[in-house]
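Thanks for asking for a walk-through of this one. Have a look at the sequence and the structure first, and then we can go through it point by point.

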Amino acid sequence: MKDSLVFAYYCSGHGYGHATRVSAFARHLLNLDSRTTIHIISSAPKHVFNDSISLGVLYRFAEIDPVVVQPVAYRVDRHKSVEALRSFLARKESLLEQERHWLLDIQADCILSDAAFLGCLAANAAGLPSILISNFTFDSVYSFLSTKFMDQVDTPLGDELLIDNHNLDRPIPDGVLKPLVQQIYNGYRCADLLVRLPGCIPIPSFSISPSLPAPPWTDQGSNTLLDEIVSHLVQKPDTHLLHPSIPFADSHPRKPLARSIIQAPLLVRGISKGPEIVYSPIGRSRFLSSLGVPEHLHNPDETKILIVSFGGQVFQRPTSSRSSSTGNSSPRYRTPPTGLQQITDSPQMSKIPLCSDVLRKTDASHCCHSTPLVIKPERSPPFDKLCAMLTKTESCLKNDVTRSYFDTSVSDIMLDHAVNDFDARLLPDSSWIAIVCGVSKWGQDGADEQPPDRFFVAPKYVYMPDLTAVADVLLGKLGYGTVSECVDSCTPFVYVARPLFVEEHGLKLLLAQEGVGIELPRIAYEAGDWASAVEEAWLLGRNAKAEMRRKSMLGVETNKREEEGTLLAGQVTDWVRAWHDSITQRTVSEV
């Protein structure tokens with residue numbers, strides 16, 4: 001048995017969710033055995049792994065997966081995403097050979113992947129075991145680009161919000177996608193163990209059913225999961241029929257263990273440790289002061305905090321200023337534990353029940369049981385400028401492919417001074433303040449102006465778990481990183497959905513079972529009609545939030561996630577040691 005293990009941890013560069021949970025699990029592995037060596041390989045920037053790098057994790061930048069192109073935080077450009085995929089696959093073989101050599105050079109014992117298929121391929125080529133750690137895989141994401149559900153823009157906010165400046169959303173023919181998706185799928189099939197995270201969707205490279213393509217998993221009209229798919233997701237994974245292992249090449253030993261699935265706990269970064277954590281009055285006040293929030297706004301009994309965060313998206317000034325063309329805001333829906341409902345981006349309410357019978361059988365003890373609130377349509381204020389700024393991504397082209405939204409090399413991204421015309425519909429009342437992430441300057445033409453009253457700008461590298469913990473409500477896009485940190489801190493989540501990103505279906509289920517989620521339809525978000533959704537989320541989640549603050553100040557269950565993560569790290573390392581011990585024993589017996 002080896003004294004210490006060497007892991008190569010491949011992390012997708014698409015979004016902060018992958019990076020934050022990779023960093024969290026790397027810390028759990030090191031806390032279990034400080035002698036462990038972990039290399040993180042990713043196109044995500046080094047700073048998002050700082051909490052694990054500070055413990056000794058090694059980082060290597062590499063482009064290891066294709067980019068899903070998102071012109072704005074909650075939209076997917078299907079056609080540019082396929083271009084990006086084709087470009088990456090054209091280089092796949094050369095990248096694979098580079099990674100194979102590197103894995104042998106560092107004498108890796110096991111490859112972990114979240115959720116880069118190239119890492120699994122490289123492991124198989126090097127004769128090493130690989131473990132897929134994720135709640136979804138990108139074969140499903142790309143396959144879902146053939147869905148007939150159309151992601152239309154309801155309110156033209158200017159050319160910066162159009163797909164490719166002029167093209168509307170159009171499905172990619174399945175015949176075009178299938179051979180491309182097959183290459184991704186084949187990579188994942190090389191993985192030997194699946195550590196399935198909460199908020200999951202089907203993983204077709206492990207479970208025989210449901211299989212690809214992904215669009216049949218949903219109702220194509222409403223874009224909601226079918227009941228039989230939800231039933232599959234809530235089953236224990238050890239009940240699933242699995243595809244067999246993909247063997248190593250003849251030059252390597254036979255794989256000693258059959259493929260299997262482990263159900264993981266929530267992998268999430270915890271709040272900063274110290275004598276005064278952010279849940280304590282002193283710790284909260286010190287943290288808010290670091291954000292520029294004046295002392296008289298630090299008391300949680302008097303001031304409520306909305307965090308506005310859209311992951312890795314950067315903020316920019318819009319190129320034009322237009323009011324809403326519809327004149328109406330649309331109602332929204334919450335994610336209740338007894339059924340999920342989808343609402344279209346239109347002024348009319350659309351109620352489509354989803355999987356209610358299945359979810360009633362799950363443990364929804366942490367959820368709020370209530371009926372969706374119907375909001376009467378109102379006139380929309382001209383807040384399209386603000387919302388364009390909150391979601392606009394850099395669209396510079398590199399090799400004809402839009403950059404990953406981790407690339408924030410734009411200098412001095414600024415907000416338009418015209419957003420000083422705030423209406424009460426952004427925040428519920430004067431007891432609320434907002435802290436906005438992703439802004440370097442607030443102003444126009446180089447001016448460094450003060451944000452509007454009750455709005456504050458978070459530093460560029462603010463530690464999001466601490467920020468989420470002090471929040472009363474968070475507004476953002478539906479992604480694993482934000483959902484997991486909201487669930488962990490009992491922070492109600494008002495989210496803008498990404499209807500073409502299939503992962504969101506699993507995240508909605510997670511919110512339905514363990515959190516509070518209110519969907520804010522895109523038209524309401526873009527119109528600046530946030531206040532009613534924010535207040536509703538706060539009312540639904542305030543008791544759980546208050547209880548979390550009380551327990552945390554008393555030190556109750558503060559180590560729950562650490563204990564769960566350490567237990568999972570033990571399962572993973574035991575599996576890796578069993579793999580290598582089996583090969584050693586077989587070699588000895590053959591001699």
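Which strands does helix α1 (residues 16-32) lie across?

1. Let us begin with that helix. Please keep in mind that this is a predicted model. Helix α1 lies across β1 (6-11), β2 (37-42), β4 (110-114) and β5. Its direction is at about 170° to β1. Helix α4 (residues 92-105) also packs on the sheet, where it touches β1, β2, β3 and β4. The angle between the directions of α4 and β1 is about 155°.

2. Now for the sheet itself. It is open and built from seven strands, and reading across it gives the order β3-β2-β1-β4-β5-β6-β9. The pairing is parallel. At the edges you will find β3 (58-61) and β9 (260-263), each of which pairs on one side only. From one strand to the next, the twist averages 20°.

3. Strand β5 (residues 130-134) runs parallel to strand β6 (residues 193-196), and four bridges join them.

4. As background, nonpolar side chains in soluble globular proteins tend to be buried together.

5. What does I435 contact, leaving aside its neighbours within four places in sequence? Its contacts include L288, L291 and V293, as well as I305, L306, I307 and V308. Further along the chain, F456, A458 and L467 are among its contacts too.

6. In one of them, F49 and Y59 have ring centres 5.8 Å apart and planes at 35°, so the pair is tilted. F49 lies in the loop between β2 and α2 (50-53) and Y59 lies in strand β3, so their pairing ties together parts that are ten residues apart in sequence. Are these two buried or partly exposed? F49 is buried, at 0% relative accessibility, whereas Y59 is partly exposed at 23%.

7. Next, compare the pair made by Y525 and W530. Their ring centres are 5.6 Å apart and the planes are at 5°, so this pair is stacked. Y525 is buried at 0% relative accessibility, and W530 is buried with a relative accessible area of 1%. Ring pairs also bring in Y74, which forms a cluster with Y525 and W530.

8. R21 lies over the face of Y480, 4.4 Å from the ring centre. R259 lies over the face of F206, at 3.7 Å from the ring centre.

9. Finally, a glycine to find in the viewer. G56 is in the loop between α2 and β3. With 48% relative accessibility, G56 counts as partly exposed. How far apart in space are G56 and T37, C-alpha to C-alpha? The distance is 8.0 Å, while 19 residues separate G56 and T37 in sequence.

Conventions: Residues numbered from 1 in each chain as written. Predicted model: local features only at pLDDT ≥ 70, side-chain atom pairs only at ≥ 80, totals over all residues. Heavy atoms only, no water. Contact = heavy atoms within 4.5 Å. Pairing = 2+ DSSP bridges. Helix = DSSP H or I, 4+ residues; strand = E, 2+ residues; numbered from the N terminus. Axes fitted to C-alpha atoms, helices over the stretch in contact; angles between N-to-C directions. Phe/Tyr/Trp six-rings, centres within 6.5 Å; stacked < 30°, edge-to-face > 60°. Buried < 20%, exposed > 50% of the residue type's maximum accessible area, 1.4 Å probe, protein only. Lys NZ or Arg CZ within 6 Å of the ring centre and 35° of its normal.
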